[in-house]
Amino acid sequence: MTETLLKVENLTKHFPIYSGIFRRQSGTVKAVDGISFEIQRGETLGLVGESGCGKSTAGRTILRLYDATAGRILFDGQDIAALSGDELRNARPRMQMIFQDPQACLNPRMTVGSIIAEPLTEHGNLRAADRQTKVRELLDAVGLNPNFANRYPHEFSGGQRQRIGIARALALEPDFIVCDEPIAALDVSIQAQVVNLLEDLQEKLGLTYLFISHDLSMVRHICDRVAVMYLGRVMELAPRELLYNTPKHPYTQALLSAVPIPKPEIEASRQRIILTGDVPSPANPPSGCVFRTRCSKATEICASAVPEPRDLGGGQITACHHAE
Amino acid sequence: MWGRMSLDSIGSDPVLAVEDLRTVFHTGEGTVHAVNGVSFSVREGELLGVVGESGSGKSVTMMSLMKLLPMPPGEIVSGSVRFDGRDLTKIPDKELRDIRGGQIGFVFQDPMTSLNPVFNVGFQIMEPLRIHLGLSKREARDRAVELLELVGIPDARKRLSDYPHQFSGGMRQRVMIAIALACDPKVLIADEPTTALDVTIQAQILELIKKLRQELGMAIIWITHDLGVVAGIADRVLVMYGGQIVEHAPVSELYANPQHPYTRALLETLPSMDEDRTERLASISGQPPSLTKPLTSCPFAPRCAHAMAGCLVENPALVSVGENHDVACLWDPATGGVR
């Protein structure tokens, strides 16, 4: 568990805003604004935050579904952000993605078999008969009946569709998978099935995950380390136990205290940190620390200086002037 | 216990009582039995949580109460809904229209689709006030400002002329709550009102609801799939599965002593925030029932770890297992045998 598979350095993704009759650029949405982290081989890193904090953009930029504005994405020593043409195409099979909405990410006019075989046709050189065998193996691996290969996505339930999406992601035997809210659209009783499947596959195939989610209790279950994002920046990054037991960043503290706990006696006596207001616009983020407008500990220094990430011990890296 | 009403302030008479409600949908592929004999009541000042997965019939039940379903394909086959001395399933549509949005308020899951994008929010809050209460434009405007202030929208008078897209998700849901509260309803039905919101915004809305309950004392029916949310706000909880109520208990009793295998499994599948992490999540295998046939056996039996021969030949009725605690199951967790 000491080999670094993915190293992201100062990754930045800005989207231009165009306005006026000449569509001149009038500003930028700073969706991801200089984030850095490493993922070890076989590890699961959680990426959490509220909607609009840039966690999905970060995941997509790492896979080069978006071109990074700045920064480096070192995947197994190779800078993905600098690749182009054939080199990029050859790197793609090793990095795959599982999407949030299993309804939207499967083509309704293709059979499940051809959906799963598509990456094999694009990137592999298997013969048709071998592809069919491979598809059946993949369906079996994700817990679906291999005879379902000729059916269409609408014949499956949400949880089963998510399994199809997982089978497709596994088709090219990747090392690294970005799971973008893979369970958010599923019912509670189905979520556990899919999470268990992801964990089993990780163990069996030695996969490395970037698990993007807003479900903090599920992230606690599945992730080894967790990064908390707010307005395009990483506020805190720590091993699971440290982050959940002793959160140091005021934003992490507020986020954790907002999660409802399914125990009435705890809920009745719980002290919540209620954040007032909404997340500011990423087109015009606050100066200094981006969280300061909603932070109870904010002082003058927070407005003038961007807090540098500091290691507060045990690998708990916090970007806050006031964290101890 | 901050936020929870003392039991004295909860009235003893039900404001709304539903008896044996059955709703079906006639579709091209046959009849879907969405609600199969649901009975419950809610009292003044009480917050009733309704928990279930998608397709469990929780939303259709509430829509049926107010006949908000498209009919056809929907049809209310049987049942009664007592409200204010009347049976809502029998009264003419005109009377029902006076009750909807007036004495019974609704908050829906997605505030973007339930607010009209081409009218400003002031118009949308004033609309029920003018229609149901007959207020003049000026009175309605003043009341709308009060309502927006009540739900915590800053600079209320100025924001009346803003359109829904100018509000954030949490603020839009506050506007929805303001509209639902406009005519001082006796019952507020909230259908997954915080599901589309972030946790920090959800926490704001939950605090708001706790505050409003104490100030206004109306009955609230809160539909959700989130057992954590229910634990924090509900007095009593109904657990629905397969279009029927499978368990009903006061909130602390339900979490401390769940009886139905479905309730127990749901609580076990949740990853914990405060205890040691388990290596593997408990999961419920299989899929929810399709409800295309009338239920002749327990709908949960195919997924149930404790299913017995009897579960496949009869659909168990709700039986009392304690004070205010009912469960529809043959299995007894205390003995591990037949109840």
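Predicted model: local features only at pLDDT ≥ 70, side-chain atom pairs only at ≥ 80, totals over all residues.
Residues are numbered from 1 along each chain as its sequence is written, and chains are lettered from A and ligands numbered from 1 in the order in which they are written.

**View 1. The contact between chain A and chain B.** Chain A contributes 31 residues to the contact and chain B contributes 38 residues, where two residues are in contact if their C-beta atoms, placed from the backbone, lie within 7 Å. On the side of chain A that touches chain B, two or more residues each come from helix 6 (188–205), helix 7 (216–222), helix 9 (250–258) and helix 10 (264–269) of chain A; helices (H or I, at least four residues) and strands (E, at least two) are DSSP runs, numbered from the N terminus. Helix 6 of chain A gives the largest share of this side, six residues. By residue class, the side of chain A that touches chain B holds 15 nonpolar, eight polar and eight charged residues, with Ala, Val, Leu, Ile, Met, Phe, Trp, Tyr, Cys and Pro counted as nonpolar, Asp, Glu, Lys and Arg as charged, and the others, Gly among them, as polar.

**View 2. Helix 11 of chain B and what covers it.** In helix 11 (residues 261–269) of chain B, the buried residues are B:Pro261, B:Tyr262, B:Thr263, B:Ala265, B:Leu266 and B:Thr269. A residue is buried if 20 or more other C-beta atoms lie within 10 Å of its own, exposed if 12 or fewer, and partly exposed in between, the C-beta atoms being placed from the backbone. The cover over these buried residues includes helix 6 of chain A, and from chain B it includes helix 9 (227–233), strand 9 (236–241), strand 10 (244–250), helix 10 (251–256) and strand 13 (331–332).

**View 3. An open sheet in chain A.** Four strands of chain A form an open sheet in the order 2-1-4-5, with antiparallel pairing; two strands pair if DSSP finds at least two bridges between them. Strand 2 (24–40) and strand 5 (78–79) of chain A stand at the edges with a single partner strand each, so one side of each has no neighbour in the sheet. Strand 4 (residues 70–75) of chain A runs antiparallel to strand 5 of chain A and is joined to it by two bridges, and A:Phe75 stands opposite A:Gln78 in strand 5 of chain A.

**View 4. Positive phi values in chain A.** A:Asn10, in strand 1 (residues 4–19) of chain A, has phi near 50°, a positive value in a residue other than glycine. A:Asn10 is exposed, with 12 other C-beta atoms within 10 Å. A:Glu173, whose phi is also positive and near 50°, is found in the loop between helix 5 (158–170) and strand 7 (176–180) of chain A, and A:Glu173 counts as exposed with 12 C-beta neighbours inside 10 Å.

**View 5. Cis peptide bonds in a loop of chain B.** B:Met71 and B:Pro72 are joined by a cis peptide bond with omega of about -15°, and a cis peptide bond with omega of about 10° joins B:Pro72 and B:Pro73. B:Pro72 lies in the loop between helix 1 (58–65) and strand 4 (74–83) of chain B, and B:Pro73 has its place in the loop between helix 1 and strand 4 of chain B.
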